[in-house]
Amino acid sequence: MTPHLAASAEDVYAAAKRIAGVAHRTPVLTSRTLDLQIGATVFLKCENLQRAGSFKFRGAYNAIARLDDDSRRRGVVVFSSGNHAQAVASAARILGSRAVVVMPADTPPSKVTATAGYGAEIVTFDRYTDDRFTISDRLAAERGLTLIPPYDHADVIAGAGTTAVELWDDIDDLDALIVPLGGGGQLAGCATVLRTIAPTTRLVGVETEAGDKNRRSVRAGRPVFIPVPRTIADGVTGERTGLLTFPIIQRLVDEVVVVSDEEILTAMTFLSDRMKLVVEPSGALAVAALLAGRVRITRQRVGVILSGGNISADLFSDLFTGTARRR
């Protein structure tokens, strides 16, 4: 393992074996229209079609599968705005565990319903006034639960990195990989393995303008806290980057760029209209960066991760009429 980094390429490969046959091997799609518009050859890794609707299932299953029998029996606790919640709830049910989910009170109802549908107990909080870390730690201590954070966990990072392993199995020799970025679990996992299998490939993370905690952290040389951002990309609204993910991003990622909510909507529209793909706002960040010209990739072969598709028809419609943005 590289000194001081939370996960190694070997950890990612072990996670890939662990989740094989349980997690979906998601397809890689292309679009001639997108290629012509961008001026490059783009390969979209469709984690919006993953179990529980996002890449988060990979890390959640890997982390719970590695618990000892007693810890798995007692259960796990997580904090999440939706995707990690659904992933952990689904993985816990498959592995015979139980999940308690600390979830913002303003989480889209479709994500709350889906999480409860997997059998999780939901504890709500106000994302603007309450501390989800304190609540989760208290529940873990009181009930003997194991805390599985959405990104700042070695097994979660390793599981998320299996996305890159699959992409390189299907499409090798990529000049760049562009990854949506919130707390940094998927970007860190992909970076960990990518620097072994494709050390010269350019690696770019994309976050929102309102929630540019990773870009600020990289510039400052240390993790930076920001106010909870207000953005349509509810899956990436955390106020800090991970203490485990940041060193990996700082050392192994080439660039972090940002996109606006309007640019995210443009990407969602393209994916829906031209490729018939339903992608949630946070899942469309990488495509938004391409369409907005935030990444220079002329005449290159580029991998892009669509990280999630958990959005209801009502919310999808509201975003384009402006209803959701006025909330």
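Reader: How many of the 13 residues of helix 9 are buried?
Author: This is a predicted model, and in it helix 9 is mostly covered. The buried ones run through G185, Q186, L187, A188, G189, C190, A191, T192, V193, L194 and R195.

Reader: How far apart are the end C-alpha atoms of helix 9, and what span should its 13 residues have?
Author: Helix 9 covers residues 185-197, and at 1.5 Å a residue it should span 18 Å. The model agrees with that, because the end C-alpha atoms are apart by 19 Å.

Reader: At what angle do helix 1 and helix 9 pack?
Author: Their axes are 8 Å apart. On the helix 1 side the contact is made by A9, V12 and Y13, and on the helix 9 side by G189, T192, V193, T196 and I197. Helix 1 is roughly perpendicular to helix 9, since the angle between them is about 110°.

Reader: What is the strand order in the open sheet of six strands?
Author: Start at the edges: strand 1 (28-29) and strand 9 (255-259) each pair on one side only. Strand 9 pairs with strand 8 in the parallel sense over five bridges, with E255 as the bridge partner of V204. The pairing in the sheet as a whole is mixed, and the order is 1-2-10-7-8-9.

Reader: Which strands stand at the edges of the open sheet of four strands?
Author: That sheet has parallel pairing and the order 5-4-3-6. Each edge strand has a single partner strand, so one side of each is left without a neighbour in the sheet. Those edges are strand 5 (121-125) and strand 6 (146-147).

Reader: Which residue of strand 5 stands opposite P104?
Author: Strand 4 (residues 99-104) pairs with strand 5 in the parallel sense over five bridges. Strand 4 also pairs with strand 3, in the parallel sense over four bridges, and there V77 has V100 as its bridge partner. Back on the strand 5 side, the residue opposite P104 is F125.

Reader: Which residues of strand 3 point the other way from V76 and V78?
Author: In a regular strand the side chains alternate between the two faces of the sheet. Strand 3 (residues 76-79) has V76 and V78 pointing one way, and all four of its residues are buried. Pointing the other way are V77 and F79.

Reader: Is E239 buried or exposed?
Author: E239 sits in the loop between helix 10 (213-220) and helix 11. Leaving aside neighbours within four places in sequence, its contacts are R132, F133, K213, V224, F225, I226, P227 and V228. The C-alpha atoms of E239 and V228 are separated by 5.0 Å, although the two are eleven residues apart along the chain. With a relative accessible area of 18%, under the 20% cut-off, E239 is buried.

Reader: What is the phi of K276?
Author: Most residues other than glycine have a negative phi, and most peptide bonds are trans. K276 lies in the loop between helix 12 and helix 13 (285-291), and counts as exposed at 66% relative accessibility. Its phi is a positive value, near 60°.

Reader: Where is R299, and what is its phi?
Author: R299 is in the loop between helix 13 and strand 10. R299 is exposed, with a relative accessible area of 75%. Although R299 is not a glycine, its phi is positive, at about 55°.

Notes. Residues are numbered from 1 along each chain as its sequence is written. This is a predicted model: local features need pLDDT of at least 70, side-chain atom pairs count only at pLDDT 80 or more; totals for chains, interfaces and linings use all residues. Side-chain values use heavy atoms; hydrogens and water are left out. Helices (H or I, at least four residues) and strands (E, at least two) are DSSP runs, numbered from the N terminus. The expected span of a helix is 1.5 Å times one less than its number of residues. Buried means under 20% relative accessible area, exposed over 50%, partly exposed in between (1.4 Å probe, protein chains only). Two strands pair if DSSP finds at least two bridges between them. Axes are lines fitted to C-alpha atoms, for helices over the stretch in contact, and angles run from 0 to 180 degrees between N-to-C directions. Angles under 35 degrees count as roughly parallel, over 145 as roughly antiparallel, 65 to 115 as roughly perpendicular and the rest as oblique. Contact means heavy atoms within 4.5 Å.
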